[in-house]
Number of protein chains: 2
Amino acid sequence: MMNDLYNQVLKLLRPSSVAVIGASRDPEKIGHQVVRNLIRSGFPREKIYPINPRAYEILGLRCYSSILEVPDKVDLVVIVVPARIVPKVLEEAGKKGVEAVAIITSGFKEVGNVEAELQLVRIARKYGFRILGPNIVGICDTIRGVNASFCQDLPRPGNIAFITQSGALAIALVGWTRLKGIGLSDLVSIGNKADLNEIDFIDFFGRDPYTRVISAYLEGVTEGRRFIEVAREVSKKKPIIILKAGKAERTIGAIRSHTGTLAGSDAAYDAAFKQAGVLRAPTFIELFDWALALAKAELPRGENTVILTNGGGAGVMATDAAEEWGIKLMDIPPDLKEKLRKHMPPFGSTFNPIDITGMAGREWYKGAMKELLLDPRIHSIVVLYCHTAITDPNDIADAILEAIRETDVQKTVVASFIGGEEVMEACEKLTKNNVPCYESPEKAISALGILYKYKKHREKLSKQTMVHLNVDKKQAYKIIKRALNEGRYSLTPSEAAGVASAYGIPVLEKILTNSKEEAVKAAEKIGYPVVLEIESPQIIHKTDVGGIILNIKNKDELLKAYDEIVVNIRNKAPDAEIRGVIVRKMVEKGKEVIIGMHRDPIFGPLVMFGSGGILVELIKDVAFRVAPLSVEEAYDMIKETKAYTILKGFRGEKPTDIDSIVDTLLRISKLASDFEEISDIDINPFFVYSENKGGIAIDIKILLERKSDH
Amino acid sequence: MMNDLYNQVLKLLRPSSVAVIGASRDPEKIGHQVVRNLIRSGFPREKIYPINPRAYEILGLRCYSSILEVPDKVDLVVIVVPARIVPKVLEEAGKKGVEAVAIITSGFKEVGNVEAELQLVRIARKYGFRILGPNIVGICDTIRGVNASFCQDLPRPGNIAFITQSGALAIALVGWTRLKGIGLSDLVSIGNKADLNEIDFIDFFGRDPYTRVISAYLEGVTEGRRFIEVAREVSKKKPIIILKAGKAERTIGAIRSHTGTLAGSDAAYDAAFKQAGVLRAPTFIELFDWALALAKAELPRGENTVILTNGGGAGVMATDAAEEWGIKLMDIPPDLKEKLRKHMPPFGSTFNPIDITGMAGREWYKGAMKELLLDPRIHSIVVLYCHTAITDPNDIADAILEAIRETDVQKTVVASFIGGEEVMEACEKLTKNNVPCYESPEKAISALGILYKYKKHREKLSKQTMVHLNVDKKQAYKIIKRALNEGRYSLTPSEAAGVASAYGIPVLEKILTNSKEEAVKAAEKIGYPVVLEIESPQIIHKTDVGGIILNIKNKDELLKAYDEIVVNIRNKAPDAEIRGVIVRKMVEKGKEVIIGMHRDPIFGPLVMFGSGGILVELIKDVAFRVAPLSVEEAYDMIKETKAYTILKGFRGEKPTDIDSIVDTLLRISKLASDFEEISDIDINPFFVYSENKGGIAIDIKILLERKSDH
């Protein structure tokens, strides 16, 4: 199945023959431009088959009235006929036995014609071929030289694949990348994603020998779970960088009306990307800056970084940026300082950043670079050049490349050449020779930062521990089913506690009682001091109606409290249906955290961890991950929060039992994965005690999916 | 005095005649290049005077052996002779009666020759002229066409002044701005700032009719107070954008060794920039992106912004960025929607961002732009264009400019044209015609964001209320002087409370007692319940040694507590010098905040406000401002913190008495301004009560300057 898909996408992206259904003689028409672009891109003329029943010849190529007339095999079919004719020509393509069709035509889901789009997929399924689109710009492949799109020019050749959900950006960014000297292996416009989507292409490029980096502009993912699985596997081999637009509340609306994508919440995307090792770029500028770094430079073998500069200012900027990226600038050891002294004037600096001064020319740059390359204590080098009146930037670029060639050391080297027209050639030469070069020191540092980040992601992905948890699924199901049968979409506190207990989550024992006698018995079983709480589906905020009484120390107090609570409810919530009175243990206060789960429409169960009390609302101190969670992911989400600082022992306090939180997160993850019926879980607060003392869910709420039809 | 300075800087930057002392025939020498560059830049040949005792002619110009021989008046003297000869030629310049000297020569403070540099200033003072430098690249003035530097080319002409402390960056960035099409009025390299510094030039450009925006690269400011005063006045008229490098701890070291600047702490810079209305750019890319916007576009008249695009993706990116910048996207009213419908296909969107689709050409862009320009409800327009296969970007640029011309409406318009080489001409044309155009939607939004930010800064600067506070300065001085006379650099708690009280800061009354009898009397005066605290210069953490006992309700308890505290100290801190036992009122707990002051070496008293308790350490929830504070600044610093959310009434709680914090901040500001002897003040905690109930300093520490010689 996977191999089938790979081969079908291969036909689509690296075709040996192309038919253009809707080819036109009118140069204004897309049907003309696609044929013209194919020819221009160097695709063999004899393998281009224009299809148009009313033309004999287009751009010197013989025209066919139907694809069925084409005497040869057709790898890729490009469709540009009006929307209403697409089903007819698709049927013909199916009969011809093609494997891949790219539908450029628009006028489907994006304008509300959902049914028309579904029809296309049905036809594809009937014949077993795959569809790219509809509503796309087309495909550009610089490997074979195929421009099956209405982008006028192919991108520069390179090894970065670019997948885009926006057609308008496809053309604009091909131009932009050409201008910036960024080479692409492929450009794929995925449009409405009726059949093939970004995941199929991420999968394909993961296997494609010509692609080193996969980049994408996305407005939304539709198959959340599959996205994580595929992207995670691919990220272990190649970096994936995605610009996911549509964070703003307002944008989410814009996307809905724009491409019909149901945008998941941004927290879910953020979590999913992290878990899949995907690098998230804030704008297309970073997207391609980073892609260039990952396509060109070596991944660093260690953390020690050295900055080499001819201008103090540039060194200072790079140092500021390095601190932001968490890049470790190595202190230069005395022996290396001595060696470096040979390659700078007396007023140069051997401090890191190493400043060989504006007097530095070819020899000093080369000499200093060699020292840094040959020193095994150094893993990454950031080389900066500010254009001066007395040096030729091309000499400096040569010096850097010669140093690398002559030492023959595989190290991470990134560069920034600051200047105008004069430095551009030198900068391009460096990039071409695998030293990605940028216009500003901050960009060079950001490039190095992303190399470190990807390296870390890859290491994380390679060790994910999934644990088997013993749970009583049957018991949990019984409780959930009963609620659903009763038409309820939220569990009562004792039901929720029951489900949690069945899943091994430490939860405050709550005994539902219906008389004073039962309450006394319950209290004796649990042991004083206890708490009494009213149990009623209608009462959410118990404190407000006097529905909770704390710290009851003995039988007398209990009897009094029981009466009190009943009177309170009678007065303040006379219409509430009373299911009884809960008796529970009065527990010591631990550190408050919150644990929860919300089922995201795209990615499924999104597990949450965060600070409790005032912090969660004041600074939104929460972290998310998509279930099922690995042990490492559970730890990571805790470490991501400020709560971690408190939990590990703040200002001399004892560390708390973080393992108990991890365990609870894993169990919540399992519970949410096992029961699609559960829409939300909220443990607030969860008390964590000191190390080895565990933790306990004080209050747990469980909501059920309204849509599910049990 | 101010006018003198203005005229002297005018001579320096806009000279009518220039002498180059150290002019050389050797093209490799800077002394040659400066003369060559002056000629090339179009400076009148007859007004260039090369000075070189061993040459008769340089580049066809008559050479003089000394400046004293020049028959004409000399406005600007440029010095390029070796460091040791500089004093001699400076003396000659002084005798000649010049007003401004630019010393390109290096080898002074930056390599440790502090005394040599001071000598230059002494000579300047003797003759009354001003020095720029030493250790500079020179000056470029595009207004008169003066290139008195060793930058090969003049920048493009424009109305952005650029001041740089890094010479290497000067040359590199002249090249970069040329490449990016950014025009500068002047480039000033300030080097070691022996005499004239950035403040003098900010002042000058503030008055200069050719400059609309002042930009600077700085590694440090030396005259902190003057910087704020001058920059604040200039910011009311023109925007100042500064890239202040050296935030990283490591960089601060690099700067020290690099230009000898003592870098102030970054918090002080941040505060000073805010108070002076200075916009702080993170990198030189934003610096010039923003400068371009401020030099070209109108300041917005209101907050309603509309995005117009031909590509959904670009609109989504812009919307995301707008949310980050806090830019308000207006909901399009139905009547305007109807009008806009005429300028787009049926599947276009009248939602904001308005998407006139990839089909939009000249007419639709023009039509839609006109609707937006003419609608008085709209204040700012962001117009986006993604390059398509069917439109000419120059047409779109023309359409935008025609719409502006024909409607003749003064509105803020910024643009982004996304694409390659094809869109560059259109983008430049827009920028030239005062519609700053950028390569990405995020940059266009950032440009608009900075226009809003500057507008807000300017509004703030125009209303700063300074209040007169009644304080007992004499009493405070008495206490401080006593401590200094005793050789102490910290005040005891009761001394600190005394100083605070003298300055009207509500402080918990603390009575120092030396016997049980005195303690009883004090308690009766204050009223029970009270707290006992040990008073000892050696005991910092009283709780640790049992040196504090809370909630003493009557005389019996007091007597018992007194004994207890004495025993505790005897056991746990036997060597501490005991000054007595403090009796103070037991007060109700308010919301905890902290208020403080640290004297910054550059900017002086830096007043701090922040969250108390765990928040300050966990999330560094603090804000700083340089004293003296205005009422508005005091409010602003509170609003900047998360604490504000709590103070104004969080989760249904009553609002607290924020005015009492403002009052205390103002009094701390006055205290710090009145007494240079105070290095640090720390009120931790300060309790704030509910509205109109005030607040109180529970604990106050005051430290004195170690260096001061009283």
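This is a predicted model: local features need pLDDT of at least 70, side-chain atom pairs count only at pLDDT 80 or more; totals for chains, interfaces and linings use all residues.
In what order do the strands of the open sheet of five strands in chain A stand?

The order in chain A is E2-E1-E5-E6-E7, and the pairing is parallel. The edges are held by strand E2, residues 48–51, and strand E7, residues 130–132; each has a single partner strand, so one side of each is left without a neighbour in the sheet. Neighbouring strands of this sheet are turned against each other by 20° on average, direction ignored. Within it, strand E5 of chain A, residues 76–79, and strand E6 of chain A, residues 100–103, pair in the parallel sense over four bridges. Ile79(A), for instance, stands opposite Ile103(A) in E6(A).

Let me now turn to chain B and take strand E6(B), residues 100–103, as the point of reference. Which residues of this strand point one way, and which the other? Ala100(B) and Ala102(B) lie on one face, Val101(B) and Ile103(B) on the other, and all of them are buried.

E6(B) pairs in the parallel sense with strand E5 of chain B, residues 76–79, over four bridges. In that pairing, Val101(B) is the bridge partner of Val77(B). Between the two strands the chain passes through helix H3 of chain B, residues 86–96, and this β-α-β crossover is right-handed.

E6(B) is also joined to strand E7 of chain B, residues 130–132, by three bridges, and these two strands run parallel. Here Ala102(B) has Leu132(B) as its bridge partner. With helix H4 of chain B, residues 114–127, E6(B) and E7(B) make a right-handed β-α-β unit.

Strand E21 of chain B, residues 530–535, is mostly covered, six of its six residues being buried. Val530(B), Leu532(B) and Ile534(B) point one way from the strand, whereas Val531(B), Glu533(B) and Glu535(B) point the other way.

How do the partners of E21(B) run? Strand E22 of chain B, residues 548–552, is joined to E21(B) by three bridges and runs antiparallel to it. Ile548(B) in E22(B) is the bridge partner of Glu533(B). Strand E23 of chain B, residues 580–585, pairs with E21(B) over six bridges, again in the antiparallel sense. In this pairing Ile534(B) stands opposite Val581(B).Finally, the relation between the chains. The same surface serves both copies, since 100% of the contact residues of chain B recur in chain A.

How many residues of chain B are in contact with chain A? There are 67, and they meet 67 residues of chain A. Several helices of chain B each supply at least two residues of this side, among them H5 (167–180), H8 (249–259), H10 (284–296) and H11 (312–325). The largest share, nine residues, comes from H11(B). By class, the side of chain B that touches chain A has 30 nonpolar, 25 polar and twelve charged residues.

Methods:
Residues are numbered from 1 along each chain as its sequence is written. Chains are lettered from A and ligands numbered from 1 in the order in which they are written. Two residues are in contact if their C-beta atoms, placed from the backbone, lie within 7 Å. A residue is buried if 20 or more other C-beta atoms lie within 10 Å of its own, exposed if 12 or fewer, and partly exposed in between; C-beta atoms are placed from the backbone. Two strands pair if DSSP finds at least two bridges between them. A crossover is right-handed if, with the strands pointing away from the viewer, the path from the first strand over the helix to the second runs clockwise. Axes are lines fitted to C-alpha atoms, for helices over the stretch in contact, and angles run from 0 to 180 degrees between N-to-C directions. Ala, Val, Leu, Ile, Met, Phe, Trp, Tyr, Cys and Pro count as nonpolar, Asp, Glu, Lys and Arg as charged, and the others, Gly among them, as polar.
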